[in-house]
Amino acid sequence: MTTVLHPDICVIGGGSAGLSLAAGAAAFGVPVVLIERGRMGGDCLNTGCVPSKALIAAARHAHAVRKAAEFGVSAGEPVIDFEKVHAHVRSVIAAIAPNDSVERFTAMGVRVIEAEARFVDRDTVMAGGLTIRARRFVIATGSSTIVPPIPGLADAGYLTNETLFDLTRPPEHLLVIGAGPAGLEMAQAHRRLGAKVTVIDAGRALSGEDPELARIVLDRLRGEGIVIWEHALVLAAEKTAGGVRLQCETETGSVTIDGSALLLTTGRRGNTAGLGLEAADVGVTANGIAVDASLRTGNRRVYAIGDAAGGLQFTHAANYHASLVLREILFRLPARENRDIVPRATFTDPEIAAVGLGEDEARRRYRQVNILRWPYAENDRAQAERATGGLIKIVAGRRGRILGVTIAGAGAAEMINMWSMAIANGQGLRHVRGAVAPYPTMTEIGKRAVIAYYTPLTRKPAVRAIIRLLRRFG
């Protein structure tokens, strides 16, 4: 006889989104069943954020050795042992893995089922010979690389994020299809670790970012020897004795590009196969599971969060989704996704990070928009670090309301946190102006841009008169 479980919440998927939700629910003493068919931690831990940032860290050290002479330190060309780089990546995963383990979540009180989950009707999931009838179901199955329909691609062979970090030998010439964040991060990392790298994209590189600031990053990547083909269509792929060959149509004509390995970073689609979503009356889109603003599907018992929901594909967005759904399920409080408060970051060098509205979107939504800029070159810490190639761009509305911020430069992913908090709390430029930043730090760059916003006010006669009085009697 089949065992039937009746938890309050059944979470399908043990990646960032699912684990965050399961841990949060368990902390309130809510009965939770978590189903995971693969490795706990999902893509982020095993094949995404963690290994990629570990590889980027190794590449940054190699680059620092090459650049050391600029600081008066003699070092020369670094010697790179790729097997040890691979071991470093694996050791970082191993260090974090216990936080996402079956044992840890079991100790929290979560019932973990290591099996594949499938809906059999609107209210029931089968997994590992068990029947789960939960009050609410949350699908958090992550996403996978979209494989483009390029003739010959399957025979030519290719890497994705699921196989890239298994390499123990460096590719001699890495070809990357897709010039988004993941593609460019891995392109630069492998270039700094000694590989030749060519990136091909059918559109504009870093197309999701402000072109003005994206250019800062792309110029640096090209300066390091990465070849980037924009508006180039890959027509065919074929296997060669040395690796792979791509036939491409570019703005200047047809080109043939040979490489030793091919990496696909051509976008991602939410994982929905095998879930039996039709039986649950859960709809899907081209990108993943169809949800409303509260992340609920067409079946009122079922939610979808993280990459599976087909929208924002960041680990921190997955955690944000988990918090929203917990709020609805546990406390019956309305919760709606607000993408304007979710930051994004590309961990190239220089980094590019953004939150809120870009200039074009802001001008579509609002009548009054002010654009503030300040270059890294005007910052003392940036000069000391020889990291002067960068810019902050602030989009402000009426009365100095902060609508969006984009930063391209060293430390951008850390600096965007302050702006994320400001936008999430509806703060304006005056709040940043009133804050005191330690000297010398790159955080001052944003404050200098804000001060520039108020400078024209001092030219008005009434304001100048007040300033004179304050100086006279102060």
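How much of the accessible surface of the protein chain belongs to carbon and sulfur atoms? Keep in mind as you look that this is a predicted model. The chain's accessible surface comes to about 22,800 Å², and carbon and sulfur atoms hold 52% of that.

From the surface, let's step back to the overall fold. The secondary structure of the protein chain amounts to 16 helices and 23 strands. With a radius of gyration of 25 Å, close to the 23 Å that the globule rule gives for 474 residues, the chain is as compact as a globular protein of that length. If you turn the model along its principal axes, the C-alpha trace spans about 90 × 60 × 40 Å.

Now look inside. Buried residues, meaning those under 20% relative accessible area, make up 48% of the 474 residues in the protein chain. The contacts tell you about the sequence distances being bridged: among those with a separation of 6 or more, 64% join residues 24 or more positions apart.

Rolling a probe the size of a water molecule over the atoms shows where empty space is left. The second largest pocket has a volume of about 630 Å³, and 21 residues line it. To find its centre, head for D349, E385, R386, A387 and A410, the lining residues that lie nearest to it. Helix α3, residues 49–67, gives the most to this lining, contributing four residues.

Key: Residues numbered from 1 in each chain as written. Predicted model: local features only at pLDDT ≥ 70, side-chain atom pairs only at ≥ 80, totals over all residues. Heavy atoms only, no water. 1 Å grid on protein atoms, 1.4 Å probe; cavity = no way out; pocket = protein on both sides within 12 Å on 5 of 7 lines; lining within 4 Å. Points joined across faces, edges and corners; volume = space filled by probe spheres on them. Helix = DSSP H or I, 4+ residues; strand = E, 2+ residues; numbered from the N terminus. Rg over C-alpha atoms; globule rule 2.2 N^0.38 Å. Buried < 20%, exposed > 50% of the residue type's maximum accessible area, 1.4 Å probe, protein only. Contact = heavy atoms within 4.5 Å. Areas by Shrake-Rupley, 256 points an atom, 1.4 Å probe, with all protein chains shown as cover.
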